[in-house]
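Hello,

Here is the structure I promised to pass on to you. Please open it first, and then read my notes below alongside it.

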Amino acid sequence: MAILERHREQVAIQGGDLPEILLPTNCPGCGIGLELEELRAHNYVCTHCGHHFRLGADVWVALIADSGSWNERWADVRSHDLLDWTVPKPYQETVERLLEDGLNEAVRTGTCTLDGKPIWLATFDFGFVGGTLSIVAGERLARGMEQAASSGTPYVLISASGGARMQEGVLALMQLAKVNAAVGRLHDAGVPYFSVLTDPTFGGTAASLALLGDINIAEPGASIGFTGPRVIKQATYADLPPGFQSAEFQLAHGQVDMVLPRTELRPLLAHLLEMHT
Amino acid sequence: MSVWEIVELARHPQRPYSLDYIRRIAPDFIELHGDRLSADDPALVAGIGTWHGRTTVFLGHQKGRSMKDRVARNWGMMHPEGYRKALRLAHHAAKFGFPIISLIDTPGAYPGAGAEERGIAAAIANAIMEWFRIPVPIVAAVIGEGGSGGALGMGVADRVIMLENSIYSVASPEAAASIVWRDNTRKVEAAEQLQLTSGEILAMGVVEEVVPEPKGSASANYDAAAEALDEALHRHMRPLLELDASELRQHRYDRFRYIDSLVHAEPHFGPKID
């Protein structure tokens, strides 16, 4: 994409500043020995085979937001175990332990700039109960979208989610409607909405906000779909072909606009923002 | 009754299905077919009928009773074409100012390769978003199984009610067991945890009313069940017919935007948050 060259020069690749992540000693894609500094400078994409490592919300914020521009909102929002969910693990304990570990729910959101342009950013965190859409996640998403719609600020979403959170029952399901109502407001207000789908994006998250972007961008090799392959095999006894539900499969089936390496994401978003505002 | 017995009642093969209700409450019902793009999805019946003196669009998941019929109806599990058919009929309703009744009775959207290849996630996502734009009154009723996104894709309405022995859940007990335990045989435990019975769903503020079923459940008396459902649907529809399109849309938005406001959350969730 030659059109991006100018932006690639203008926009600093922020890889050097990314927080450290836990890495295996060898790349799961090609088996090569991994070196943290090199990988971090390359946005946690294997320099040898292009394997994209999963990133937490803190890394995504560092990757997308201009340095020092992130203003997180509603980080204090909490909900409680409403179903008295005890087996196989007490849900309340699971949530409290994750909070103690420094994760803050499956979605974090706030405002920042990208290449100097103000945006709303929301990013899922797969490390928090599989990035599942919960009441807190839905609330943060809907509030941010409502504010983006009224201020006319472009909205960028990074998704990595197993779907709706089982342990919050039907109210987790209701988050699909709550969030999609807000997505509709973004669209009605003429506000750009760019959705980045990373590995994995499934279930209620795919069936709500993640596939409703004005432009949907998938990471190479990401698994994206509604029903996970294990459940499809159990339900239909089907043999699923290699690459089923991959980003490339979704591109071929018309669900995403492009499959884009992570190292090109920031310049592309900067360019898209410029084209749409 | 145990939770699992309620799940079995909700799925009972003799339980009335959408067409059993629609033919009773709107005897002149005309079924309409096709999504105008590629196919017709028999797991969703759609059409128009005269209901309390007014042409009304009816939509409903449809299960089959004989094995042949079950296969043809795909056990009430919709493909992407079904959601597109539903929206086509919603736009028909909008054009002519017809109210919409949606009857929900599905284990979930079809969990198969073909549905994935044709974009089931996006079809549901788009349906959920589009329902908020439909400028006519919508009343939905869960009449059997309300399973997952497949149900919610037909469940964005101004009022949602449930029959007494129906269930509404984030996922079927089997799917939830498969996700949480990685073992779909733990379905009974999953059902007990999910709080999917009508009384529990009402207490959470997710539906407006639970409609009592005749003695021995809806399966025992189709006419009485249809009469009770008809009365409740009409009682909920009547005040909606007085609202103009922008009031309806705002009400529908608020209904789902603050649907979890009964939940103990910090700081309290509710309208008018900075």
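A question to begin with: does A:Tyr237 count as buried or exposed? This is a predicted model, and in it A:Tyr237 counts as exposed because it has 7 C-beta neighbours inside 10 Å, where 12 or fewer is the cut-off. You will find A:Tyr237 in the loop between helix H8 (229-236) and helix H9 (247-252) of chain A. Its phi is positive, about 55 degrees, although A:Tyr237 is not a glycine.

B:Gln195 is buried, because 24 other C-beta atoms lie within 10 Å and the cut-off is 20 or more. As background, most residues other than glycine have a negative phi, and most peptide bonds are trans.

That brings me to two cis peptide bonds in chain A. One joins A:Val87 and A:Pro88, with omega about -5 degrees; A:Pro88 belongs to the loop between E2 and helix H4 (91-100) of chain A. Another runs from A:Asp199 to A:Pro200, with omega near -15 degrees, and A:Pro200 is part of strand E6 (residues 193-201) of chain A.

Now to where the chains meet. The contact involves 49 residues of chain A and 52 residues of chain B. On the chain B side, H6(B) contributes the most, with eight residues. The residues on that side comprise 34 nonpolar, 11 polar and seven charged. Strands take part too: strand E2 (residues 78-79) of chain A and E9(B) run antiparallel and are joined by two bridges. There, A:Arg78 stands opposite B:Glu266 in E9(B).

In soluble globular proteins, nonpolar side chains tend to be buried together. Here the largest nonpolar core has 173 residues, and those touching the most other members are A:Tyr155, A:Val170, B:Ile124, B:Ile128, B:Ala141 and B:Met162. Helix H6 (residues 169-188) of chain A gives the most to this core, with 12 residues. Have a look at A:Val170 in particular: leaving aside neighbours within four places in sequence, its contacts are B:Tyr168, B:Ser169, B:Val170, B:Leu196, B:Ile201, B:Met204 and B:Val206.

Happy exploring, and do write back with any questions.

Best wishes

Note on methods:
Residues numbered from 1 in each chain as written. Chains lettered and ligands numbered in written order. Predicted model: local features only at pLDDT ≥ 70, side-chain atom pairs only at ≥ 80, totals over all residues. Core = buried A, V, L, I, M, F, W, Y, C linked by C-beta atoms within 7 Å. Helix = DSSP H or I, 4+ residues; strand = E, 2+ residues; numbered from the N terminus. Contact = placed C-beta atoms within 7 Å. Nonpolar A, V, L, I, M, F, W, Y, C, P; charged D, E, K, R; others polar. Pairing = 2+ DSSP bridges.
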